[in-house]
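The exercises below are meant to be worked with the sequence and the model side by side. Please try each task before reading the solution that follows it.

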Amino acid sequence: MFVNFLRNNKVVAGILAFIRVYIGYQWMTAGWGKITGGEFDASGFLQGAVANAGGEHPTVQGWWAAFLEAVAIPGADIFTFLVMWGELLVGIALILGVFTNFAALMGIMMNFAFLFSGTISTNGQMILLTLFLLVAGYNAGRFGLDRYVIPFIKEKVTSKNEESFIKQAEAH
């Protein structure tokens, strides 16, 4: 019942638009600051996360630290690029309300990665708010560009499937 309310109510769509823009602004400013600051390098953060996996009260679990050591630290340049531009693009997409669900999913994945790496900050709050966007589905982008983009894509995909079906039927 609550999920249906989140997915179909137009008043909720307006509230979700405010949440979406708020979260988008947080992502966009974080990404823009990293891109224009010229000093962001994920390797220091990653090494710090691995260091926090040890000691009496570790803030990073061993399995995550192993992933960071084996994958993320050797590919720190790629992760630096992905974090900077990922934050910026997720923010822009959420603010504009375009591909809202995909942007929210990528944002929540980054939030979880940051939490797994031992940061606290606003990640928990952003995860909670983003969950509402994800559960709401299309309604989260109703008052954004998704209102125009999603029907356009559905129309193109449906027409291509129909054309393909007709061609297959004519071949038989």
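**Exercise 1.** In which loop is Phe 99 found? Describe its backbone and its surroundings as well.

Solution. Before starting, note that this is a predicted model, in which local features need pLDDT of at least 70 and side-chain atom pairs count only at pLDDT 80 or more, while totals for chains, interfaces and linings use all residues. Residues are numbered from 1 along each chain as its sequence is written, and side-chain values use heavy atoms, with hydrogens and water left out.

Step one is the location: Phe 99 is found in the loop between α5 and α6, where helices (H or I, at least four residues) are DSSP runs numbered from the N terminus. Step two is the backbone: phi of Phe 99 is near 50 degrees, a positive value in a residue other than glycine. As background, most residues other than glycine have a negative phi. Step three is the accessibility: with a relative accessible area of 42%, Phe 99 is partly exposed, since buried means under 20%, exposed over 50% and partly exposed in between (1.4 Å probe, protein chains only). The C-alpha atoms of Val 149 and Val 98 are 7.2 Å apart, although 51 residues separate them along the chain, and Val 149 counts as partly exposed at 21% relative accessibility.

**Exercise 2.** Which loop holds Ser 121, and what can be said of its phi?

Solution. Ser 121 is found in the loop between α6 and α7 (123-136). Its phi is positive, about 45 degrees, although Ser 121 is not a glycine. With a relative accessible area of 64%, Ser 121 is exposed.

**Exercise 3.** At roughly what angle do the axes of α3 and α5 cross, and which residues make the contact?

Solution. Take the geometry to begin with: the axes of helix α3 (residues 42-51) and helix α5 (residues 76-96) come within 8 Å and cross at roughly 110 degrees. This makes α3 roughly perpendicular to α5. Here axes are lines fitted to C-alpha atoms, for helices over the stretch in contact, with angles running from 0 to 180 degrees between N-to-C directions; angles of 65 to 115 degrees count as roughly perpendicular, under 35 as roughly parallel, over 145 as roughly antiparallel and the rest as oblique. Next come the residues: α3 contributes Ala 42, Ser 43 and Leu 46, and α5 contributes Ala 76, Phe 79 and Thr 80. Sorted by type, the residues of this contact divide into four nonpolar, two polar and no charged.

**Exercise 4.** How many aromatic pairs are counted, and how are the rings of Phe 45 and Phe 114 arranged?

Solution. A pair of aromatic rings is described by the distance of the centres and the angle of the planes. Rings of Phe, Tyr and Trp (its six-membered ring) pair if their centres lie within 6.5 Å, with planes under 30 degrees apart counting as stacked, over 60 as edge-to-face and the rest as tilted. By this rule the count is eight aromatic pairs. The ring centres of Phe 45 and Phe 114 are 6.3 Å apart and the planes stand at 90 degrees, so this pair is edge-to-face. Phe 45 lies in helix α3 and Phe 114 in helix α6 (residues 100-116), so the pair ties together parts that are 69 residues apart in sequence. Phe 45 is partly exposed at 34% relative accessible area, whereas Phe 114 counts as buried at 15%.

Compare this with Phe 81 and Trp 85, a tilted pair with 6.4 Å from centre to centre and 40 degrees between the planes. Both residues lie in helix α5, four residues apart, which is about one turn of the helix.

**Exercise 5.** Which residues do ring pairs link into a cluster, and is Trp 64 buried or exposed?

Solution. The cluster consists of Trp 63, Trp 64, Phe 67, Phe 112 and Phe 116, linked by ring pairs. Trp 64 is found in helix α4 (residues 62-72) and is buried, with a relative accessible area of 12%. Leaving out residues up to four places away in sequence, Trp 64 touches Ala 113, Phe 116 and Ser 117.

How values were computed:
Helices (H or I, at least four residues) and strands (E, at least two) are DSSP runs, numbered from the N terminus. Contact means heavy atoms within 4.5 Å. Ala, Val, Leu, Ile, Met, Phe, Trp, Tyr, Cys and Pro count as nonpolar, Asp, Glu, Lys and Arg as charged, and the others, Gly among them, as polar.
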